Amino acid sequence: MNVYPPNSLQHLTPLVLFSGLAAPDVSDPQCQKRLWKYSVGSIATSHQLVKDGEKLATSPRLKGTSDEDVIMPELFWKFAEKSSDLVNWNPVAVEVSRHRAPYILNIQFLNNVEGESDEYLLPPVKTRQHGSISTPQTPSGKFNDAASVEGRSSLDQSRGQYPNGNQHSPLSPLTSTSDIYPDGLISVQWLQKYLYLTPSTFVSFHLLNTTSETREEEIEADEILARKINLLKAQLAVRHIKLVVVIVSEVLPSEDITLNDRIYYLRKNTGLAARTGLFFLPPSTEIELETLAETVCQLCFSNAIEFYTRIAKEVRRKRSGQPKTLDLSKEDAAQLTTSPLSNAGWEIRYSFKLGALAEFRQELESSVKAYEVTYEMALELFETLHPLTEISASRWNEFRIFLDTVIYKIIKLYFYSGLPNLAYKKFLVHLRSIGTVLETRGFSKDGFAYKNWRALQHLMLAELAVKGLPPGNTAIAPDADERVPADCLPRTGLLHLSAVHLWFDLLGNDWSEDAGNPDPFMNKDSTNLEEINILLKKSLVAATKDFALPTPNERSVGYTLYLLGESYLLHDKDYVSAQKYYKQAADIYRKEKWKPLLSNILQRLYETSLKIEDIQETVLSELELEIYHENDAILDSTGVDNLLAKLNLDEPKNIDLTTSDRYSGFFTADYTFQSDECFLGLPAKAQLSVTCNYPLANQEKILTLNELTIEIEGQLASIHVIHDGSSTPNESGYAILENLQLEQDDADNHVRLYSTSANLNFKPGQTIVFEFAQIPKKLGEASLKGLNIVLKHKKYLLGLSVPVKPNISGAVTWYENGSNLTSHHIRVVNPFKIRLSPRPSLVYVSIDNKGPVAFGEKLTINVTAANNEKEDVIVELQAKGLSNTGDAVDLKWANHPDDTNPSDLLQGLKLAADKSDSIPLNVQVPEGSINSITLELFISYYSVNDSETLIKDDIVFSIPVVQPFVVNCDIYPRFHPKPWPNYFVPNAFSLKDEKETLGMTPQMRRRWELSASVLCMIEKESIELIGSEIKIVTSDEAVCNVVDTPEEKIQVLEHNQKHKLSYIFDNSRAGEKDIRQVQASAHLKLRWRRPSKDNNIQSVENVFTLSPLNITLPLIEPRVIVEIERQENKTLLAKYHIENATNHILTFSLTMEPSDTFAFQGPKQLTVRMLPCTRRSFEYTLLPLTRGLLAIPGLVVYDINYKKILVPLAATPELKVEKKSLLVVC
């Protein structure tokens, strides 16, 4: 209902007009929102000030002229984004009033569309004195462009002035052409004047001429531009409008050094300052454009505050002046039928203007105070008027509209200020005040006009509250069903419902007898009932949305849905839409179990479904109504019976309601498994207790279910129970579901559905317990998925889902059958779920060897399987081995047949009851550094009487793995017993290939001893060291031959017992090439075994291979080796052998050092010269002077040629080396 004039309720926002900035795309709706031509609409031609308006001095700015529009789309959109629309609620106003936002502006662009101007006209002003505006001229003193001539002539025309000269505005009640003449308060055109026609700031864009070829042309262009700006400035100054000019240049000042001078000239000749009047915009970045836009907007808002403040001062001046009277002749005064506006009316007019101007300035507190004063004065004046005597009906309506408009602004401003409760109080006072005035004038509150007006007021407040307060605000009543405190704003859904109830009354009654209520405002004659119908539905939709958030109130939502259905049914006869909303409302009230209102809704649902011939919904509604009402004949079944006959159903039609909770409360159920776990092959028992809550008035009436399905998911099958009327009734309330028949299985032949029959007759309130059992065949879990029943009504089968009550207490009821139904509690963690586990294995497996075992060992482990079952079983054994490093262990059953099965799998082992058997398992322990191996034995067996139930078990053994031996090796030099060949006597030397070949130098062999100390690391039992092998590998340039090894004999070793092995080998070069030393590696293998437990069976022999021992053997380096022999006279014979294996003659100085522990006999000091490839020996007799580990006297052998001392090397095991000394036990 367009009761209130356009713009009267909108938030007042300062108008800023932009001229000279072209729109990017006039066809774009977003662009059109910012173009004055499109936003002003019909006001551009219908407003009273337009016909006497004045063209802009710079208009028209057409394409191809010297001052065409500036094309800068980026800048256009930046200003457009900063503009605020004219709307009833603008949250930016709150931010500006609290100084949290810098401005709020309604920016409109005057744009030339396809070569035609917007025809914007400046509103007229009072008469001006000609020649009062100075106009800059060119140096010649003449206007030399068409635009300047047109601008000058426009100032000389009478256009742009009030028609009555200096008297009154065309909008004033004192002007006979005004629409409020002679007694109107204020015209909405006064607001439109400042919203659309009179800007607070005018922003003009001009393109600087930078294409002229000569400086003179640029000067002339600048002079013309300055005159245009001055003419525009003069036009605006008369109206106190500030002018802001933006000069746009297409070149940078760095490219044209005259630009700064030209801008200075324009500022000087127009009087516009750099920061407040004239801005210069050369080619700029996006950030610079944003800065310019923000600066201009802030300047415009500052100008707006000054503009509206000046107007407010003028209003106050007029209010304090002489009383306003009509200046009429006697003839005109005699023709007046209405008294002119009183002084009180003029006070109301001025007070309203002051409030509106404060709202333009975004001074909300000042504005609301002025509006409140306006409202109080207007209400006082309104109380003295009567539409049939004091004023006309049209003025009465205008007065009512004025009061509603002012109170709307007051309420909105209180919302802006964060005082919604105070706003609501103002709203209630307004309703009471208007109602009181109407009653005193003899207008009934039960009349059409008052109810219509009151409904609209509630709608306006609701829409304002939705915008002004977010959902959940503490100022709003939290629940629609609570009593709303007087100082608390109701939630918007309640406000909408208040309007809806009034509108239902208006649309549902005959108001032909309302002639006794002569209130002309919003009466039936002036109201379109179709508009009320539309508003009613919109309000109900809004109320539904409000009640749903943020804390849903289901009953209120259901009620609004019900009213929507009523509206479509009663007002539109739209049965389809009505049925839709009735169904939604019924769903809610079923949950709430509010039967009285649900019955009314079902009655409507039945009627609408019958109208649209929705037989399914009709049948369902009829059934539900029969349940909720004692009287079975509450509905006339003729209509539904006729529909059924029309459908001609041969068989009952199924209606699936399992996904709906429409009838879910008619039956409830409890379910439990007897235990949390069941083993394969044993029965898994469960009980289902079903209670009939069917609210039938006749308690003796029997309710029969067609079928019942217990849906179980997992490894148990569902149960389908079909009604069998011939079976015994369940008088005791207990039934065992037996004779389960296969009805459906899956691809794996696993039973998915069993079927059986039972008596499914129920009395209201009766509980029947169904017990059943299944034997699981697969491992896993099973759980109750749901319970569905099928109920027959007329020719329809209704499939319903029955809610099963959860039990989380851990104690559930288990029923026992007897003469009377008895029960006891059992402990079940989750009564809806059962775990299907394998039967515990009674075949036990053990091994005889639990370690430790050795690296690389081959052994046999005896695996014993013992059958503790009461019957014979067929066993399958599988062995898996894995080292701690992840390597697989080679396993094989000793008696494994040579077939296609894996060697670690043994099948078909038959064990008699209470008997056992031992099976050998060969194990190959991996080589390498591992700590243990894991032996896992998998047992699966079945009884010879039940081959389908497979029982499984597994057992894991951890066997430690150790290194069998720890071997420490040492290398000692030894004196070769054979003499070296003579260097000077040619001879046949044996080379590496063992061929007798004549060589240039003799082959000298050096002897070495490798001593290995073997420590046994195997625990718990002894081992037998059978023998050893050694191989010394060297390069092709040298020869290493083992000449002596330990005697081969079996050596029994216990844990931590040592055994020494000694190996003698010689080395020499392989050819004529002299090499100082050679790298060799010794490879030692030890053969061992465990003692055999059976003398007839020899144990498996194992080989332990040591890591290669890398050694460095010198070939031609001189050396000194020492041998010690014990003499019978308790003396020691020390032999020092000096070897010169080089091809050089060497000279050695020998010095025997004195000793405190030995007396010695032999040369004390001498010098020896040795030929190449020779050796010499020196003997000393040593007499120990004390006992113990003594250091023998040291022989210092000094190489005079190479100036180095040769360190003596021990050549016998009796000599111990400590640092550089040789020790012997005496």
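This is a predicted model: local features need pLDDT of at least 70, side-chain atom pairs count only at pLDDT 80 or more; totals for chains, interfaces and linings use all residues.
Me: How many helices and strands does the chain have, and what makes a run count as one?
Reply: The chain has 23 helices and 55 strands.

Me: Why are H14 and H15 called roughly antiparallel?
Reply: Helix H14 (residues 393-416) and helix H15 (residues 420-440) pack at about 165°, with axes 7 Å apart. Axes are lines fitted to C-alpha atoms, for helices over the stretch in contact, and angles run from 0 to 180 degrees between N-to-C directions. Angles under 35 degrees count as roughly parallel, over 145 as roughly antiparallel, 65 to 115 as roughly perpendicular and the rest as oblique. The angle of about 165° therefore makes H14 roughly antiparallel to H15.

Me: Which residues make that contact, and how do they divide by class?
Reply: On the H14 side they include Trp396, Leu403, Ile407 and Phe415, and on the H15 side Pro420, Phe427, Ile434 and Leu438 are among them. Contact means heavy atoms within 4.5 Å. The residues of this contact divide into 13 nonpolar, 1 polar and 3 charged. In this scheme Ala, Val, Leu, Ile, Met, Phe, Trp, Tyr, Cys and Pro are nonpolar, Asp, Glu, Lys and Arg are charged, and the others, Gly among them, are polar.

Me: How do you know that H15 is also roughly antiparallel to H16?
Reply: H15 and helix H16 (residues 448-468) pack at an angle of about 170°, with their axes 12 Å apart. That angle makes H15 roughly antiparallel to H16. The residues in contact include Tyr424, Leu431 and Gly435 of H15 and Tyr450, Trp453 and Gln457 of H16. By class, this contact has 8 nonpolar, 4 polar and 1 charged residues.

Me: What makes Lys78 and Glu290 a salt bridge?
Reply: Their closest N and O atoms are 3.5 Å apart. A salt bridge needs a side-chain nitrogen of Lys or Arg within 4 Å of a carboxyl oxygen of Asp or Glu, so the pair qualifies. The pair links distant parts of the chain: Lys78 is in helix H4 (residues 73-81) and Glu290 in helix H10 (residues 286-319), 212 residues apart. Lys78 and Glu290 also belong to a network of salt bridges with Lys82, Glu286 and Glu294.

Me: Why is Lys78 called buried, while Glu290 is called partly exposed?
Reply: Buried means under 20% relative accessible area, exposed over 50%, and partly exposed in between (1.4 Å probe, protein chains only). Lys78 has 12%, so Lys78 is buried, whereas Glu290 has 31%, so Glu290 is partly exposed.

Me: Which other salt bridges can we look at?
Reply: The structure holds 45 salt bridges. One of them joins Glu359 and Lys409, with the closest N and O atoms 3.3 Å apart, and both residues are buried. Another joins Glu857 and Arg1090 at 2.4 Å, N to O. Glu857 and Arg1090 are 233 residues apart, and both are buried.

Me: What makes the phi of His99 and of Lys1130 worth a look?
Reply: Most residues other than glycine have a negative phi. Phi of His99 is near 60°, and that of Lys1130 is about 65°. His99 lies in the loop between helix H5 (91-97) and strand S3 (106-110), and its 74% relative accessible area makes His99 exposed. Lys1130, in the loop between S44 and strand S45 (1132-1140), counts as exposed at 67%.

Me: Where is there a cis peptide bond, and how do you know that it is cis?
Reply: The bond joins Tyr181 and Pro182, with omega about 0°. Pro182 sits in the loop between helix H6 (146-156) and helix H7 (188-197).

Notes:
Residues are numbered from 1 along each chain as its sequence is written. Side-chain values use heavy atoms; hydrogens and water are left out. Helices (H or I, at least four residues) and strands (E, at least two) are DSSP runs, numbered from the N terminus.
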